[in-house]
Amino acid sequence: MTRTERVFFAAGDIFGGGGAALISVLYLFYLTDVVGIPPGWAGFAVLIPKVWDAINDPLMGLLSDNTRTRWGRRRPFIALGSVLLIVALAAIWAPIGGWDNTAAKVVFVVIANLFYTTISTMIAVPYGSLSTEVTTNYQERNRINVMRLAFSTVSAATCTVIGTTLIQLYTRGQLSGMGLYLTVVLGFGVLFATPLLIAMKLTRERAPIPAERTRLSVASALAPLKLHSFRQLLGMYLAQALTMDVISALIVYYALYVVQLNVTVFLGIFIVVNLVGFLVVNQLVKRVDKNFIYRALIPMALAGALGIGSYPAGAPGWGLYAVAAVVAMGVGGAVLMSWVMFPDVIDDAELTTGARNAGAYAGLMTLIRGISTAITVQLIGLMLQLTGYRPPEDYANAVQPEATQIGIRVTLAGAIIVFMSAGWWFARRYPLTLERCKEMQRELGVARG
């Protein structure tokens, strides 16, 4: 790959990191406090479209695996999805807060999210698959995927900071609902779509394309689960993704109603730690097993989670920021490694099955992650509603019932402990060590002739 191609392909993941961060940090709050949907129904409105994902994600993976065009298998889908992305953002962030009928709001949000998830899948699944095919060189592939995650993390950082700032401006009355809508749709839409379109213009596939096409069936969609290394990677991926989803979804509520801290600083600590982590990981992947990088500091995250759950309201903010840094370091390796490990699993799949159908694997990962995230958001919404959460009329003196505050603490700390413990367990059993990855490269070279 040329340097220009590497940079612009990696920049395509600005949507992957930024889009997910924007939804995680801002969307539930937007539905409950701006649109005015009760938390339980807000979570439900996000959950229902994931039923469509049960078909959409693996179908997109199989469709891109079986596509044959002069532009390659993946790029046509990514380009079309990028063009439609601003329309999809306009739908899910529509300013319908003035509607009087809650049922109508919920129906609209469900339909809008059905459209958005379709467009997001049209981008995410082929792009994740393409990351295994833009080069066949093992070290270059590691480099491009670490670079891609660097763009993703910087984008997530930018969107998180801007998103939380928008929330603060809205709660202070300095930004209207329409101003929030236009900023999110036009600003972020251009930020997400432009790099993808440029990347698709410059990038090409280099991995061999299987001669035979995969049949579109339930069996073929679930076939990746037969591969042991994929099952372990899937567990590791879900563990870190759901941990960050819960942190992102609850941190605004935790900051406003439990400990009264600056949410931008809290999330900024995670961002800085991850950015420093990239510099370390970029060197470690050359000489250390990737599953060890994933799990090494997880015990720190578990200890930090206890601090987050029990930190006294009104205590000095610097103490909580220190706890946040401990958690960030603990989960940093897990957050950075999952998609860096993904191409190794596709190598294992090619050796095991004789075909390199990365779309089926990426589609199944995206599907299971999406459904898990939606269920998690639904449970968070139900927790808020059952504990008596109500959007305050005056954010300057915002208070919530004690039950709500306890629920936020327990959910936030408990999710970190449960999910990251599961991630550590899966990482211990992941079979693709550094030495095994090098062996697979030699075996693939022989098999490809």
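## A ring cluster

Phe29, Tyr253, Tyr257 and Tyr389 form a cluster, linked by ring pairs. The model is predicted. Across the structure there are 15 aromatic pairs. Two of them are described below.

A pair of aromatic rings is described by the distance of the centres and the angle of the planes. Take Trp41 and Phe44. Their ring centres are 5.5 Å apart. Their planes stand at 90°, so the pair is edge-to-face. The cut-off for edge-to-face is a plane angle over 60 degrees.

Both Trp41 and Phe44 belong to helix 3, which covers residues 39-47. They are three residues apart, about one turn of the helix. Trp41 has a relative accessibility of 45%, so Trp41 counts as partly exposed. Phe44 has 31% and also counts as partly exposed.

## A pair between distant parts

Phe230 and Tyr361 make another aromatic pair. Their centres lie 5.2 Å from each other, and the angle between the planes is 85°. This pair is edge-to-face.

Here the pair links distant parts of the chain. Phe230 sits in helix 10, residues 228-259. Tyr361 sits in helix 15, residues 358-386.

Buried means under 20%.

Methods: Residues numbered from 1 in each chain as written. Predicted model: local features only at pLDDT ≥ 70, side-chain atom pairs only at ≥ 80, totals over all residues. Heavy atoms only, no water. Phe/Tyr/Trp six-rings, centres within 6.5 Å; stacked < 30°, edge-to-face > 60°. Helix = DSSP H or I, 4+ residues; strand = E, 2+ residues; numbered from the N terminus. Buried < 20%, exposed > 50% of the residue type's maximum accessible area, 1.4 Å probe, protein only.
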